[in-house]
Amino acid sequence: MNKCLVTSLAVLALIPACQSAGDQLAESTDTTAASDTSASSSSSSGWDGEGSGEGESGGGETTGSTTGAGDSGGDGDSGGEGGDSGDSGDEGDTGGVVPEPGQLTAGEYRDLDDWAFWRDLLLPGEADEGQWGNMMELWSMYPVEQHAFILVDETEAPVIDATASLYDIEGELLWSARSDNQGRVHLFSGLELAPESQARPARASFRLGSTMQTLELEGPAPMQAQVVTMPMVANDPLAADIMFMVDTTGSMSDELEYLKSELSHVVTRVESNLAEAELGHVDLRLSMNFYRDVGDEYVVRAFPFTSDLATATQQLSQQHAAGGGDYAWSKLVDADTLETEIKRQLTPMQPLVATPAAFKGGGYRDCRNRFTWLATLFTVAGDYDGRVRWQDTATALGQLYGRAGANCKVGTDQSF
């Protein structure tokens, strides 16, 4: 049975605007801020950090271990009954006032965009490398070996929703997935087995309709994605599925209220962008999914895809934030490691933002990943259950770096 793989290989933070973080940044760190924090209300990273559109559709059906909110391909079943829409709760931190839409910014961190960095965190190596390797046994997942591909047609346009499969030397299927809206697909040799027990992939195949392409594989998986040209001219699919995964633990009360206000605004903008692209009528479906911690009222509350915006809006409006907050950050990472990781991200970034030429010449791509990762680290520091450096200004710094990461979508004078 095919399942949707949902892993924590990406961090998406919805960050309200911060008015005074610039002053706090100057007082708290000697690094240079690279981005104009007044731009971009949302962003979506591309393969190389450039990206396009409001978001990206993860692969539809995926064969592997682990469970998720449901299958984002096929018939649109999100894998859950939905159950009760939720009960009404507090009004969040907005004082009962409905926020105006258009105020949220978005930052994204995808480990898949920097696979070498991810592997260094998990596998034994030099100095601070391998420090998270013991977490794989806790996850019961070993995401260290993957083959990444970008599928394009004869015009170099992305091939969307193609089925990609990975086989071992005996012809046994190891993994199957669908290409996303940028033609990207990731195939794993096995997530349930430790790296030394995973089979060596020998062949990958890619299929869309009656068109098939096969690629023989040799040696270890390369760190960078391989481009595969399929002998066809692909048609843009006239359908878009957008799945929301929303954290509804207690600390997310404010963000949840903002999202309730933003949903219709986001959908309207997506429809407007599709119209401007002159794609004709595009079937747009939404799936609302909510998650909390083990021991809370629910862990995952999933709703199937629907083309009715009113239904999705109602499902969202009936949710409230509660639970969570019962696991201390200090049990996951010590204060010294957190400070070291922040410094490790800051140091290589300084030459990238020293001049406009360095930034526009490609430095903005690395800045985007590092700014977004710093936003996450400073957010953890601000919420840390103990003393850690920069703690008093960490929350504001997290917001600032989140916006900076969003602005590094392109390398221009304005974004610099």
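This note goes through a predicted model of one protein, point by point.

1. Overall make-up. The protein contains eight helices and 12 strands. Of its 416 residues, 44% count as buried. Among contacts between residues at least 6 apart in sequence, 72% join residues at least 24 apart.

2. Confidence. The average pLDDT of the protein is 74, and 72% of the residues score at least 70. Confidence is highest in strand β12 (residues 300–302), with a mean of 96, and lowest in strand β1 (residues 10–15), with a mean of 31. Across residues 1–92 the pLDDT is below 50, although this stretch has 252 contacts in the model beyond near neighbours in sequence.

3. Helices α7 and α8. Two packed helices are described by the angle between their axes and by the distance between those axes. For helix α7 (residues 356–382) and helix α8 (residues 391–407), the angle is about 155° and the axes are 7 Å apart. Angles over 145 degrees count as roughly antiparallel, so α7 is roughly antiparallel to α8. The crossing of this pair is left-handed.

4. What α7 and α8 bring to their contact. From α7 the residues are Arg368, Phe371, Thr372, Leu374, Ala375, Phe378, Thr379, Ala381 and Gly382. From α8 they are Gln391, Ala394, Thr395, Leu397, Gly398, Tyr401, Gly402, Ala404 and Gly405. By class, the contact of α7 with α8 has nine nonpolar, eight polar and one charged residues.

5. Helices α4 and α5. How are α4 and α5 oriented to each other? Their packing angle is about 170°, and their axes lie 10 Å apart; α5 covers residues 309–317. They are therefore roughly antiparallel to each other. On the α4 side the contact involves Leu256, Leu259, Lys260, Leu263, Ser264 and Val267, which meet Leu309, Ala312, Thr313, Leu316 and Ser317 of α5. The residues of this contact divide into seven nonpolar, three polar and one charged.

6. A glutamate in α4. Glu262 is part of helix α4 (residues 253–276). Is Glu262 buried or exposed? Its relative accessibility is 5%, and buried means under 20%, so Glu262 counts as buried. Glu262 and Glu100 are 162 residues apart along the chain, yet their C-alpha atoms are separated by 7.9 Å.

Notes: Residues numbered from 1 in each chain as written. Predicted model: local features only at pLDDT ≥ 70, side-chain atom pairs only at ≥ 80, totals over all residues. Heavy atoms only, no water. pLDDT = per-residue confidence, 0-100. Helix = DSSP H or I, 4+ residues; strand = E, 2+ residues; numbered from the N terminus. Contact = heavy atoms within 4.5 Å. Axes fitted to C-alpha atoms, helices over the stretch in contact; angles between N-to-C directions. Parallel < 35°, antiparallel > 145°, perpendicular 65-115°, else oblique. Left-handed = near helix turned anticlockwise from the far one by under 90°. Nonpolar A, V, L, I, M, F, W, Y, C, P; charged D, E, K, R; others polar. Buried < 20%, exposed > 50% of the residue type's maximum accessible area, 1.4 Å probe, protein only.
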